[in-house]
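User: I would like to learn how to read side-chain contacts in a model like this one. Please give the general idea for each feature and then the case at hand.

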Amino acid sequence: MKILVYGAGVLGSYLAHALIRGGNEVSVLARGARADELERDGIVLRHYFQRKTTVDSVRVIRTLEKEDVYDLIFVVMKYTDFRAVLPILASNPSRNLVLIGNNAEAREMQAELLESSEMEKRIAFGFQLSGGRREPGRTLIIRSRGEMVLGGLDGPISFQAELEQAFAQIKYKLTYLDNMEAWLKNHLVPIVMLNSLSQIHNGQMKQVARDGKLIRDAVIAMGEGFHVLETLGVPLIPAAQASVIRKHKRLVQGFLKLYHLLPVSRMIDGSFAEVEALAEKLQEWSKQAKVRTPHWEELNRRLQLIKAGE
């Protein structure tokens with residue numbers, strides 16, 4: 001299949017690697033020094049848990065032209081970057097789009113794409129279950145296996161057959177959800193809270209592990225976030241996630257302390273700008289729900305102090 005991975009960061013690089021190994025004709029959209037690096041060296045991945053390095057040659061493009069047609073386009077980028085590419089995707093004739101990453105406005109983005117496109121678009125949203133960071137000359141990838149959760153906003157994905165074909169020859173799991181919009185909103189709660197911990201301590205994970213009060217407050221804040229979603233009528237998906245965090249606070253606190261002591265916690269980059277934008281969205285939802293979230297507000301206050309001190 002002819003596939004474009006729009007974005008060459010950590011997650012886009014791994015997805016392109018998987019699709020290339022699956023026998024597809026893969027292009028990656030990148031710019032600047034990253035595009036030059038990919039053209040020169042290919043996609044160089046260091047698989048952290050698997051203890052191996054892979055190198056894949058890939059076709060690199062710097063712009064998506066109106067005449068470029070792909071069977072599938074995977075847009076893999078930060079929440080704060082999605083808006084800028086929507087007009088480009090709308091003007092391109094490729095029909096099947098998957099927007100992958102944290103997303104607090106999936107419904108609004110889909111509406112914008114459908115309204116501004118002159119041709120039919122079939123849109124899905126997904127989240128790849130992996131992480132990592134960029135290093136000089138390579139990308140460090142953290143994963144147990146290749147896996148993506150994905151779904152449409154208005155029923156099953158209409159191009160599921162094409163997705164299955166793209167991954168048919170590679171060990172990569174696709175998990176389809178009936179309510180992807182709710183999953184994405186639920187996912188923001190722990191993502192924002194946990195990234196706030198590292199941001200507050202400037203990426204010093206051992207300091208996070210030693211800050212018991214901060215970890216305790218973050219776990220309570222997650223419960224507040226789920227309460228906001230419930231009040232707004234958003235189903236808790238997966239239900240077990242919210243249940244464990246609410247009912248087993250001490251266990252979750254212990255897990256977070258242990259996680260921040262492990263080397264792997266320092267191997268995953270986070271974007272302050274993305275976390276800040278997602279945090280603002282959670283604040284907006286809290287106001288809409290008219291629900292008190294004192295622990296979350298305290299975390300957000302500390303984030304804003306860090307930003308003011310930059």
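User: What do the side chains of E37 and R134 meet in?

Analyst: Side chains of opposite charge can pair when their charged atoms come close. In this predicted model, E37 and R134 form a salt bridge, with 2.6 Å from N to O. E37 belongs to helix α2 (residues 32-41) and R134 to strand β9 (residues 131-135), so the bridge ties together parts that are 97 residues apart in sequence.

User: Are E37 and R134 buried or partly exposed?

Analyst: The two partners fall on either side of the 20% cut-off for buried. E37 counts as buried because its relative accessibility is 12%. R134 has a relative accessible area of 32%, so R134 is partly exposed.

User: How many salt bridges does the structure hold?

Analyst: There are 20 salt bridges. One of them joins R21 and D56, whose closest N and O atoms are 2.6 Å apart. This pair links distant parts of the chain: R21 sits in helix α1 (residues 10-21) and D56 in strand β4 (residues 52-56), 35 residues apart. D56, at 5% relative accessibility, counts as buried, whereas R21 is partly exposed at 40%.

User: Which residue meets E39 in a salt bridge, and where do the two lie?

Analyst: The partner of E39 is R62, at 2.9 Å from N to O. E39 is in helix α2 and R62 in the loop between β5 (59-61) and β6 (72-76), so this pair ties together parts that are 23 residues apart in sequence.

User: Strand β4 came up with D56. Which strand is joined to β4, and by how many bridges?

Analyst: Strand β3 (residues 43-47) is joined to β4 by five bridges, and the two run antiparallel. H47 has K52 of β4 as its bridge partner. The hairpin of β3 and β4 has four residues between the strands, and R51 there takes a positive phi near 55 degrees.

User: Next, aromatic rings. How many aromatic pairs does the structure hold?

Analyst: A pair of aromatic rings is described by the distance of the centres and the angle of the planes. The structure holds five such pairs. In one of them, the ring centres of Y48 and F49 are 5.2 Å apart and the planes stand at 75 degrees, so the pair is edge-to-face. Y48 is partly exposed, with 26% relative accessibility, and F49 is partly exposed at 48%.

User: What arrangement do F167 and Y172 form?

Analyst: F167 and Y172 make a stacked pair, 4.5 Å centre to centre with 20 degrees between the planes. Planes under 30 degrees apart count as stacked. F167 is buried at 4% relative accessibility, and Y172 is buried at 7%.

User: Which residues do ring pairs link into a cluster?

Analyst: The cluster is made of Y14, F74, F167 and Y172, so the stacked pair of F167 and Y172 is included in the cluster.

User: Which residue lies over the face of Y70?

Analyst: K2 lies over that face, at 5.2 Å from the ring centre of Y70.

Methods: Residues numbered from 1 in each chain as written. Predicted model: local features only at pLDDT ≥ 70, side-chain atom pairs only at ≥ 80, totals over all residues. Heavy atoms only, no water. Phe/Tyr/Trp six-rings, centres within 6.5 Å; stacked < 30°, edge-to-face > 60°. Buried < 20%, exposed > 50% of the residue type's maximum accessible area, 1.4 Å probe, protein only. Lys NZ or Arg CZ within 6 Å of the ring centre and 35° of its normal. Salt bridge = Lys/Arg side-chain N within 4 Å of Asp/Glu carboxyl O. Pairing = 2+ DSSP bridges.
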